[in-house]
Amino acid sequence: MIPIAKPIISDEEVEEVVKVLRSGFIAQGPKVAEFEKKFAKYVGVKHAVASSSGTTALHLALLAAGIGTGDEVITTPFTFAATGNSILYVGAKPVFVDIDYDTYNIDSSKIEKAVNDKTKAIMPVHLYGQPADMDPINQTAHDHGLKVIEDAAQAHGATYNGKKTGSLGDLGCFSFYPTKNMTTSEGGIITTDNEDMAEKTRVLRSHGESKRYNHVVLGYNFRMTDIAATIGIVQLKKLEKFNEKRIENAKYLTKHIDEINGIKAPYVSDNVKHVFHQYTVRIKKSNRNKLMEFLNNRGIGTGIHYPKPIYKQKVYQEFGFNSSCPEAETASSEVLSLPVHPSLEKVDLEKIVSTLKEASNIIGLS
Ligand SMILES: Cc1ncc(COP(=O)(O)O)c(C=O)c1O
């Protein structure tokens, strides 16, 4: 089976974890501080604050941005549920704006219309590793005094006009879940140039402590462990290489997929570096599940990112969300992610391409 995702953990990560286990510092300690410093430098921001997951990073970022009950946050419905959930956790309401057909990211031209007196922030997601169209998003935010919180969970090392994700808004949030471009097992991080917001996230992630046993606000235990951070330090050194391999794999797939009728390869905007967290193609709705089954039966793992816009999930329906985002709804019935991760060998890529060609002949995809 060629899996849809596979973390690369080498002896170095294993040895570093063993050292941490032997050090006695196994919860948040010096390794977390070192990882934060290195990650901030990599992204090109002044501060990075590590957390227990991408979800808790989003939660902390929203709190630090002052978002709370009665506020609205504009976001995309075509993302992992954590994006919307984090907004609900702080008592705010996600307002879903439709996506762009080509990039699957929030359609920046539709944001302005969704702004009202309750709007406090925009949370774009850099979906599949391709940055959202940040210039118009930041302009709209600037015009209306809104905060911009990037959900960069899928876009470590991606750039927009040469600047890294996580440095493009007021706050950036990353996930280090094992399927991501780099991992810490579970883990997340918040990036920002704003000292005040960085400090707020630091306090909130550890029970609102300004110093030991001095609780100044109601906080959480959203801390990262040194065990996770030490994996992150090693993985960060390899991130550029991992990303280059993802990009090279994507190039190979696109070159061949462009020759197959009925499969649309991913579109890459001119001004971005797309780091291919996912390589997601588009096929007619009536063929998507047939193609998925065909590939799976021949040992090729696939994924559907995502099978429905968030507002169609049961929990959101029960909350009374009744948004209508036609592009997101169509995309959710047409997208299919193929393996693109850096552990793929040439033979794996050849097998993926030849199986797609076979599927095109047998199923007829156009
Ligand atoms: C777009 C997006 N946002 C948020 C998250 C949440 O990250 P985590 O799973 O680390 O909590 C993920 C990852 O799963 C994601 O893909």
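**Exercise 1. How many salt bridges does the rule find across the interface of domain 1 and domain 2?**

Step 1. The structure is a predicted model, in which local features need pLDDT of at least 70 and side-chain atom pairs count only at pLDDT 80 or more, while totals for chains, interfaces and linings use all residues. Residues are numbered from 1 along each chain as its sequence is written, and side-chain values use heavy atoms, with hydrogens and water left out.

Step 2. Apply the rule: a side-chain nitrogen of Lys or Arg within 4 Å of a carboxyl oxygen of Asp or Glu. Across the interface of domain 1 and domain 2 this gives one salt bridge.

Step 3. Asp102 pairs with Lys264 in a salt bridge whose closest N and O atoms are 3.7 Å apart.

**Exercise 2. Describe the contact between the two domains.**

Step 1. The contact (heavy atoms within 4.5 Å) takes 38 residues from domain 1 and 35 residues from domain 2.

Step 2. About 3200 Å² is buried between domain 1 and domain 2, with carbon and sulfur atoms giving 59% of that area. Buried area is the accessible area (1.4 Å probe) that two parts lose on being put together, summed over both.

Step 3. Between the domains, 20 residue pairs are in polar contact, both residues at pLDDT 80 or more. A polar contact is a pair of N or O atoms within 3.5 Å; within protein, one must be able to donate a hydrogen and the other to accept it, and residues adjacent in sequence count only if both atoms are side-chain atoms.

Step 4. On the side of domain 1 that touches domain 2, α4 (81–89), β3 (93–96) and β6 (159–160) each give two or more residues. The largest share, four residues, comes from α4. Helices (H or I, at least four residues) and strands (E, at least two) are DSSP runs, numbered from the N terminus.

**Exercise 3. Which residues are closest to the ligand?**

Step 1. Count a residue if one of its heavy atoms lies within 4 Å of the ligand. This gives 16 residues, the closest being Gly54, Thr55, Asp151, Ser175 and Lys180.

Step 2. Gly54 places a backbone N or O atom 2.8 Å from a ligand oxygen atom. In the side chain of Asp151, an N or O atom is 2.7 Å from a nitrogen atom of the ligand. Gln154 has a polar side-chain atom 2.9 Å from an oxygen atom of the ligand.

**Exercise 4. Where does Tyr306 lie, and which residue does a cis peptide bond join to Tyr306?**

Step 1. Tyr306 is in the loop between α8 (285–297) and α9 (314–318).

Step 2. The cis peptide bond joins His305 and Tyr306, with omega about 15°.

Note on methods: A residue is near a molecule or strand if one of its heavy atoms lies within 4 Å of it.
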